Amino acid sequence: QDKSKDITIVMPSAVDVVEPCHMMSTGYIGLVLRQNVVESLIKLDPKDSTPQPLLAESWKQIDPLTWRINLRKNVKFQDGASFNSAGVKAAIDRLFAPALLCRDKDRLFAGQTLEVKPVDDLTLDIISKQPMPLMPLTLSQIGITSPNTPTTEASKHPVGTGPYVLTSWNPTQSLVLKQFDGYWGKKPQIQQATYVWRSEPALRASMVAVGEADIAMQIAPQDAVNPDTDFGYLNADTSRVRIFMDQAPLNDVRVRKALNLAIDRGSFVGTILSKGVLPASQYMMSNINGYNPDLKVWPYDAEEATRLVEEARAAGVPVDKPIVMYGSDFMLANSNELFETLIQSWQQIGLNVKLEMVDKIQLSATRHKPFPTNRPTPTMVFETHDNAAGDAFYTMMVYYHSSGDLSNIADPALDKLLEKGSTSTGDERRKAFQEANLKIQQDIIPDVMLFHLESFIRVGPRVSYAPDFTTQGKLELADVTFK
Amino acid sequence: MIEVNDHLVEVRNLSVDFHTRDGTVPAVQDVSWYVNRGETLAILGESGSGKSVSSSALMGLIDMPPGRITSGEVLYRGENLLNATPERQREINGSKIAMVFQDTLAAFNPVYQIGWQVAETLRSHGVPKKVADVKALELLERVGIPNASGRFFDYPHQFSGGQRQRIMIAMAIALNPDLLIADEPTTALDVTVQAKILRLLKELQRERGMGLLLITHDLGIVAGIADRVAIMQGGKIVETGTVRQVFETPQHPYTHRLFDAVPGRRVVSETARTLVEQPLLIVQDLSKEYLSPARLFSRGATAAPVLALNKVSFKLERGETLGIVGESGSGKSTLARTLIGLETATGGGASYRGHDLLNRTPAGLNQVRRQIQMVFQDPTASLNPRMSVREIISEPWAIHDDVVPRNKWDTRVRDLLEQVGLQRDHADRYPHQFSGGQRQRIAIARALALQPEIIIFDEAVSSLDVSVQAQVIELLKSLKDDYNLSYLFIAHDLPVVRSFADRVLVMHRGAIVEQGTSREIFNNPKHDYTRELLQSDPALNVHAAI
Amino acid sequence: MENVTSTTVPVRKTERTSLRQSLDLLWRDKFAVAAVLFLIIVVLAALLGPYLFGQQSNRINLLTRNAAPSFAHGWAFVLGADALGRPILLRLFVGAQNTIILAVSAVILSMIVGTALGFVAGYRNDWLGNVILRVADVLMSFPSLLLALIVLYVLTPGIANVILVLAITRVPIYLRTARAEVLEVRERTFVTAADIMGASTWRLVWRHIRPAVMPTLVTIATLEIAFVMLAESSLSFLGLGIQAPQFTWGAMVAQGQSYLGTAWWVAFWPGVAITLTAMSLNLLANWVRLVSDPVQRWRLEAKEPSHD
Amino acid sequence: MNTYIVNRMVYSAISMVGLIILVFFLARLTGNPAELYLPVDATPELRAAFSQVNGLDQPVLVQFWRFLVTLLHLDFGNSLRLERPALQLVLTAFPTTLILAFSAMALALVVAIVAGALAACAPNGILDRLVNVVSLSSASLPNFWLALVSILVFAVWLKWVPTSGTGTLAHWILPIMVLFARPCGLLAQVVRGSMIDALSSAYVKTARSKGVRSRSIIFVHALRNAMLPVITVAGDQMSGMINGAVVVEVIFGFPGIGKLMMDSIQYRDFAVIQCGVIITAAAIFLMNVLIDFAYVALNPRIRFK
Ligand SMILES: Nc1ncnc2c1ncn2[C@@H]1O[C@H](COP(=O)(O)OP(=O)(O)OP(=O)(O)O)[C@@H](O)[C@H]1O
Ligand SMILES: Nc1ncnc2c1ncn2[C@@H]1O[C@H](COP(=O)(O)OP(=O)(O)OP(=O)(O)O)[C@@H](O)[C@H]1O
Ligand SMILES: [Mg+2]
Ligand SMILES: [Mg+2]
Ligand code: NI
């Protein structure tokens, strides 16, 4: 058959699960499925994160707890089931099916349950127990699967309304998407997309170079040397070193300040990290609602940092105590170099920081509650976080609120601010979160904020594709065009 | 010397040196000889005089270095083999000139079947495999390997020393070579078999005009089949001539010594002792059956089990020399190996001073190991190639540390070397730097080192020229008298046995067919086999010749 | 009186000459000489490197990041700089210490344990030998990655544990090789001869079997050195390797991996150092093998005058 | 012979049980899989539910008992990561690795034997030095380095072969070559070493006196005597490869057992780890039996009880 309309996409690791409700939290499922196989009711505009219609034509909040959704007409699921309010209800209910252990559920609903009530064939109400001002954003993350999808086990053959059907999937080798003839919208150019996976970045880059693949995800910055084919994009990941503030010397704010001042963030840019990375002042990107544009990145001032450490020492803080920083090298390209440089910067201002590389499980276990009540050593951990859902809520409540699963801060004033932000809307909401970010950076200093990270993609000569910050979580084949 | 090349093979002024750590050993110096078609040249000589080296040289078998041919030429039908290309040498080797090696166990490839190895000579020179196999079997039968077709697929270590020697001969005569170099080809053969083999060689000579270079120390054989003799000593040929000339009018003092030492001239050994003590060694109905091992991957008929020992019973008294003679393959070595615990007996019993030799207790074991020593039939294999002679001979003292104090080791080693006719400074050399007879003497020296109560000699003096042999036997006798040692002396050399052994066992097909004092056996043989044995002894011819 | 002189004199004589003779024999094999010289440099680097260049080799300088080999930045940078701008040459010197400690102890440990067990298994054909072999089977089939993870979780990471993991996983090769050789050597007549002389098992094994078996094991061990150095680098991605700022040549190779396309020298030089070390050890082992084998020694001795 | 095989099987079965016990319990010391499968901010309820569904909340002994019971029905359980029968995953991955390992090892043996034997003919000669340098380099080259460089050279620059993946015969070339390098170098050294001894023995002299061609003196007479350590080391290397040619499989995207095991270990996919270990161990045990037979076949003097 005609291969000229087929492309191959090479990814860093296997698509080992294709269950749409793990899309947000597991591997590269979203990249493959989202908007290609399963579509959501609403999609976000990549520029400013505003909700746009997709399977829903319109929506509105009819009372604090209820959102009314109007569905698009003439849409069919790939298995022939018709797309209507009953189908959407089934899809949303499926997220809560206990046997499914939906991994995105927590993130999306934070413990809430939703009730879906079809109003008529193409209208439905979604009712929550507590107000959900972010309902459109939430809906943009949910893939609407066919009502025939099993609810007792993870789907191995996801069926949605998207322009592509999953035709074959071998978790050890490849996955193939083929165009769906009955798609309701505009037909994309790509006939068929084959996804393969290779863990070696240089190999992925080479595969595009020799024409074995058309798009290579996540190539290493040092291999991205050809401006015609290699594109960098901010990938929504922000990195920081979290400080566990429960122990001396890390419980001393001077020491935490010093940790921040010791890092020459600018020197990383274009060297160890690529040119496009941005030093960060807060744990979210500027397109997120709640980002505080007035915050400045910590300056580099080693003298001041040394002075602070000495001051703390004079005040009896045990600054010589060994501090452990956990890192793991699956997190970003050149992480080893980054860690070594950080460690050395801190050692130069007189803090005894040591690196301990651990594996994924250990790192993850260190990051979330329950935290150990008495740690053997003062501890920091390197982590990255991406907020692609557009609102500060998804970051702040988890990482900074005292009830957050990943938070090691218990500051009542901050809690208040965050609660205010999460329940209000509009300007008030934004202000509250911005204020919280200010307080975090200026008073609490629970972390050493580092960079908004950049990823690179290599696009072969046959096709064109422009990545953006959503590319980490989805790659719409419709956006790929032949030259 | 005639300069016309009418000789089959002629060696002119050959000299071979060996490089060693402490200098150069001139193993062969300026040696010349020739062999004509159908003629037999015997090289007699002192052990270590360069017989093997000079004959290896003409087949291009000397490792160079460490060896070095410093002068001379080897002419085969006028062609100087020392200048031949390796490919030419290969063509000649095996098909035109063939060799029977002295040390047969080491000379066979341990991992290939005997039949295969014999047939290989043929295959290497273009005989198709099928034909070669048939021919090989025929050859094995011809040299008198019992049940040859059944044993075609056996491995070298499963044969007796004499059988290996015969297989070696079969291998060498496979292609009817022009010249056969036989280096001590009959050292492990009893006289009956030996006579058969020599007859075979003679036949080949007659049929095909084969030249025979016979290296031997056995004057009887020389007298029997050689046309001319060359006598070597210390790397040189000291005397050469027809058998008659040399035997009747020996010129060189060494030749004189050689003839004087011929064992048959001395009287039959007499037992003068009255046996009051309990016997040292009691062997009762000892049997050993070699089951044909399950052949995992090889084809071939399943051979019938070999009954190597069949209800053997005898006693060894203290201070006694018990000679064991018998046909090659009759189970002599097996008897020795079973007594020493290397083979598990399949029946019967044996005890040493009340210690059961077959089911040993650890305590008894140590005693036995201290008091019974053995000299193996294949001396080369029994010497650790990585140990110097000093280490080899002093090893028993290291094991049994009460025998000789450490600071005396060096002198004692050198004394022992001297006693067995080697040089004191040989102590620093390694086994591979010695000749066959020299290695045999190292093994003897090692067995003597402990002065055990019993020493088992398995063809221990077979590679020694008669003068050295006489010296060694003399040494053994005096040790026996001084320390009241007992010997189990396995040999096929009847004159030696006659003059050395007090009593004699005659073995045939795994059983003892006759035993008695030397006098009884030699003067009044009862069993048919014994009679046959005595009749075919060529030593008698020597006396006629001299 | 006479005995005293005659035994002491030759012993002294042979001892003196044997040292000189060994040097003499070494000189005959120019490759072995080169190997010894290289190993001396490595050992010196391992001893002194961290004291001489410890500071300099760890100083991060992003200006010289991935600098190509040249004299432009001073002699320390002749082999180029790594991704953090540190001089590779000095890092090779400093890394030698950890590398050598790690590789040599892992190899020696596994060799001793493996060989000892192999001797027992080969010599004693009974239940004990069988048990040892089955343990080796188990070790061979246990995934080494899992083993590494287990050690990481149960113990704390550190050089001792790296050595432990590497040693455990490499035991079977020595064990099985030693056993196979012993099975064959113990059937040789000279071993039997010593046995019936009353030699203890220990003596048989040590004096007779070991010298015949060792050369093969040593050959394997010299190659294992390189392998262990590299295996360590692949452990470091689990966090089990040696932790920065400590480093080894293996870790340097691993770090250079991502720069193969752009800065080949980062992974290349430490790789060369590993290969050269292995090669030197092997050449030296080959030399020792010749010297210690009386049957082969002439290959070195005979070299002085050229005959023919 | 038969008793030997029976004994061997009994012992192997015992060690298999030991291996399973070791793997089962030790693997569970390496952290809770929930950390990997669930997002870091998962609620405790979700974590609990995950553990319960996958039976990880039970005491380890109970888990082991269940494992044994299912194992008796030849059921190795389901993969946590891929949610399909572990046995099926292992059995589809295993042949790839076997083919890879066998071809690499066969090639390595042939090349190593020829090179090592020729080198041994003249120790310290030019050929010997050459073989030494090449074999030592190939034995000490980092695998991943070799893999990446050979991709760069042969696939990217020369475009002779595809970079990676499976499909055509050409896809096998690079992985096999990379896999082949280390065993080949190692074996060449081993062959060289033991051949030097064998070539100076008396039976070689006999063969020369028989006029045997030097090729067959080297490869028939000496080689067979020198094979013992060679097949042992080859066996060790082979079992390393059966256990997974991890680097090669990962880099080249070869869906073999090495990659499967590595992923399973990293993802604490216990069922697959256990199944993989059992299958590979069975293969390795079998190979060791064959190697022991080979000892006897190669050298008739070797005996086992
Ligand atoms: N590789 C070697 N290195 C040093 N000397 C050697 C070497 N091979 C043989 N010799 C010496 O060369 C001499 C001649 O040895 P050769 O084997 O020819 O003796 P032979 O006459 O055959 O004695 P025998 O009757 O004992 O077999 C001996 O003295 C021996 O020690
Ligand atoms: N390992 C073995 N397996 C099978 N048969 C064997 C084995 N060893 C010896 N034999 C056979 O046992 C018989 C006796 O052998 P043994 O070595 O005892 O003979 P021998 O009397 O010493 O002969 P020779 O005088 O030739 O050395 C021979 O037929 C021999 O082939
Ligand atoms: Mg001789
Ligand atoms: Mg015998
Ligand atoms: Ni003449």
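Trainee: Why is the pair C:R289 and D:D197 called a salt bridge?

Mentor: A salt bridge needs a side-chain nitrogen of Lys or Arg within 4 Å of a carboxyl oxygen of Asp or Glu. The closest N and O atoms of C:R289 and D:D197 are 4.0 Å apart, so the pair falls within that limit. Keep in mind that this is a predicted model, where local features need pLDDT of at least 70, side-chain atom pairs count only at pLDDT 80 or more, and totals for chains, interfaces and linings use all residues. Residues are numbered from 1 along each chain as written, chains are lettered from A in the order written, and side-chain values use heavy atoms, without hydrogens and water.

Trainee: How many salt bridges are there between chain D and chain C?

Mentor: The count there is 5.

Trainee: What makes C:R86 and A:E340 a salt bridge?

Mentor: Their closest N and O atoms sit 2.6 Å apart, so they meet the rule too. Between chain C and chain A the count is 1 salt bridge.

Trainee: How do you know which residues of chain D are in contact with chain C?

Mentor: Contact means heavy atoms within 4.5 Å. By that rule, 66 residues of chain D are in contact with 60 of chain C.

Trainee: What is the area buried between chain D and chain C?

Mentor: About 5600 Å², with 65% of it on carbon and sulfur atoms. Buried area is the accessible area (1.4 Å probe) that two parts lose on being put together, summed over both. Chain C and chain A bury about 2000 Å², and carbon and sulfur atoms give 49% of that.
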